[in-house]
Amino acid sequence: MADILVVDDEADIRELVADILEDEGHATRQAADADGALRAVETARPDLIILDIWLQGSRMDGIEILKTVRRNQPDIPVVIISGHGNIEVAVAAVKQGAYDFIEKPFTTDQLMLVATRALEASRLRRENAALKVSDQQQAEILGASHAVAALRQKLDRVARTASRVLLSGPSGSGKEVAARYIHARSERSGKAFVVLNSATIEPGKMEETLFGRERDDGGVVPGLFEKAHGGTLFLDEVAEMPPGTQAKILRVLVDQRFARVGGADMVQVDTRVISATTRDLEGLIGAGKFREDLYHRLSVVPLETPPLAARREDIPMLAEHFLARLSESEGLPLRRLSADASALLQTQNWPGNVRQLRNVMEQVLILGQGAGDIRPEELPLSAGEPAEGGSILSPAMATLPLREARELFERDYLIAQINRFGGNISKTAAFVGMERSALHRKLKSLGVATVTRGGARVAVVGEGDEEEFED
Ligand SMILES: Nc1ncnc2c1ncn2[C@@H]1O[C@H](COP(=O)(O)OP(=O)(O)OP(=O)(O)O)[C@@H](O)[C@H]1O
């Protein structure tokens with residue numbers, strides 16, 4: 001049932017239109033002039049306005065009312081009633097943003113047809129707008145660390161162009177979110193964002209998946225390049241592409257044309273390609289596993305999503321964000337992290353990065369029995385376990401030069417110790433075997449400070465302004 005406002009100076013036409021709409025189950029309100037109409041719109045937003053153009057005794061005609069409504073509430077659909085022989089005025093009204101018009105005299109069916117279509121179109125528009133908002137939300141890159149702020153800035157810049165982007169970073173570090181972020185903020189945002197995960201497609205099916213097929217009966221099965229026409233194709237795990245497909249993709253990137261499998265005609269597409277890899281593509285090129293020419297075409301703008309362990313200061317806010325979102329979507333009471341739990345999360349290695357953090361938060365919220373703030377012992381963490389193969393090297397550290405790896409280790413180690421001693425620098429210094437002043441200098445050079453969170457002192461990275469140590 002819709003709420004429909006009928007505006008006409010002739011009472012019998014108003015009544016007639018209202019009767020027809022009410023017979024179809026809608027609620028109606030009526031107005032005879034501009035003041036009545038605008039007051040009705042202000043009182044409660046109608047789902048549809050049926051508006052006569054000529055209104056005797058009104059200070060504005062239908063077109064003026066239409067303009068006012070469009071200015072203030074542009075998403076209310078308006079259907080114009082025009083007198084016979086007044087087509088030009090009706091067409092002018094449509095140009096001003098009316099959904100459609102009907103000419104007097106009209107039949108019940110004509111009125112219902114145009115009213116139903118206007119209501120349906122406005123419902124679809126509202127749904128699409130809601131979807132677009134949720135697309136944008138899905139494509140939010142959260143984090144206040146230097147690394148994430150710099151990444152966001154680059155993504156914003158690249159979203160304004162049509163350049164191809166290659167995103168590198170470990171699994172779960174947000175490569176797909178970054179690709180969605182670019183798409184959602186680009187001129188292509190109204191068109192499709194299509195994902196291909198190369199690792200999940202059988203090699204024999206890859207070309208059909210990407211380029212489509214022409215069947216013997218003349219039917220066409222479009223591939224992902226066609227589905228993403230005008231939009232963006234995200235090639236995830238691009239290193240997993242079989243060599244034959246690599247050659248074909250290269251050709252599409254060079255001239256934006258391809259033939260479907262089983263077909264001879266060339267298909268022209270305008271598809272932006274964003275690709276992602278967790279692997280070292282340059283190493284694979286050296287080993288003859290990835291085409292160098294394709295690499296250069298894909299990585300016009302190369303960007304890196306940093307591992308979570310390299311931006312620990314983002315961990316508390318990401319964790320709180322996931323807790324809030326999950327409790328809302330699962331209908332569970334919201335729980336927050338205690339300061340100790342938050343500090344413990346910051347000492348972990350997170351080989352599965354943001355995805356792993358989200359999973360841990362999901363487990364706490366869904367499986368956790370507790371109430372109130374989440375305590376450290378409730379966190380399902382395998383803290384302190386050596387990484388696979390007995391090595392303590394995290395994936396983040398394993399690929400760094402010695403000096404940077406040592407800094408990363410020292411930073412993580414000292415943060416863990418400070419948090420173990422409740423932010424007490426003297427006790428930490430005694431335990432780690434350093435003079436208090438030397439520890440201060442070291443922490444400063446590593447960008448570590450302690451801040452008060454939830455009543456407790458915790459060590460964090462990169463919030464230099466608050467740096468102030470307690471004994
Ligand atoms: N900066 C971020 N802000 C908010 N959520 C994030 C962020 N980074 C990652 N996520 C979330 O973490 C999860 C994993 O992210 P995503 O799928 O983008 O990672 P990926 O690098 O593409 O992983 P893979 O290489 O395994 O495909 C998603 O649920 C995503 O929403």
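Begin by selecting asparagine 353, which lies in helix H15; helices (H or I, at least four residues) and strands (E, at least two) are DSSP runs, numbered from the N terminus. The model is a predicted one, in which local features need pLDDT of at least 70, side-chain atom pairs count only at pLDDT 80 or more, and totals for chains, interfaces and linings use all residues. Residues are numbered from 1 along each chain as its sequence is written.

Asparagine 353 is buried, with 24 other C-beta atoms within 10 Å. A residue is called buried if 20 or more other C-beta atoms lie within 10 Å of its own, exposed if 12 or fewer, and partly exposed in between, with C-beta atoms placed from the backbone. The phi of asparagine 353 is near 55 degrees, a positive value in a residue other than glycine. Most residues other than glycine have a negative phi, and most peptide bonds are trans.

**The whole chain**

Buried residues make up 34% of its 471 residues. Among contacts with a separation of 6 or more, 68% are between residues 24 or more positions apart; two residues are in contact if their C-beta atoms, placed from the backbone, lie within 7 Å.

**The ligand**

Select the ligand next. Which residues are closest to the ligand? They are Leu142, Gly174, Lys175, Glu176 and Val354, out of 19 residues that surround it; a residue counts here if its C-beta atom, placed from the backbone, lies within 6 Å of the molecule. Helices H7 and H15 are the elements that give two or more residues to this shell. By class, the shell has 5 nonpolar, 8 polar and 6 charged residues. In this scheme Ala, Val, Leu, Ile, Met, Phe, Trp, Tyr, Cys and Pro count as nonpolar, Asp, Glu, Lys and Arg as charged, and the others, Gly among them, as polar.

**The nonpolar cores**

Select Val165, Leu167, Ala179, Ile182, Leu233, Phe234 and Ile274, which touch the most other members of the largest nonpolar core, a group of 37 residues. A nonpolar core is a set of buried Ala, Val, Leu, Ile, Met, Phe, Trp, Tyr and Cys residues joined through C-beta atoms within 7 Å. Elements that give two or more residues to this core include helix H6 (146-159), strand E6 (165-168) and strand E13 (272-277). The largest share, 4 residues, comes from H7.

Centre the view on valine 165. Leaving aside neighbours within four places in sequence, valine 165 is in contact with Val158, Ile182, Ile274, Val301 and Leu303. Another core lies apart from this one and has 32 residues, among them Ile315, Val354, Leu379 and Val460.

Proline 302, in strand E14 (residues 301-304), is the next selection. Proline 302 and valine 165 are 137 residues apart in sequence and 5.8 Å apart in space, C-alpha to C-alpha. Beyond neighbours within four places in sequence, proline 302 is in contact with Leu166 and Ser168.

Select helix H13 (residues 315-330), in which Ile315, Pro316, Ala319, Phe322 and Leu323 are buried. Viewed down the axis of H13, the buried residues fall within an arc of 130 degrees, so they line one face of the helix; the arc is that of the directions from the helix axis to the C-beta atoms. Glu328 and Ser329 are exposed on the other side of H13. The cover over the buried residues of H13 includes helix H14 (339-347) and helix H15 (353-367).

Move to helix H17 (residues 402-420), where Arg411, Asp412, Ile415, Ile418 and Asn419 are buried. These buried residues fall within an arc of 135 degrees about the axis of H17, so they line one face. On the other side of H17, Leu402, Arg403, Arg406 and Tyr413 are exposed. Just after H17, glycine 422 takes a positive phi of about 60 degrees.

**Backbone details**

Select lysine 104 and proline 105, which are joined by a cis peptide bond with omega about -10 degrees. Proline 105 is found in the loop between strand E5 (100-103) and helix H5 (108-138).

Finish at glutamine 256, in the loop between helix H10 (243-255) and strand E11 (257-259). Glutamine 256 has a positive phi of about 55 degrees although it is not a glycine.
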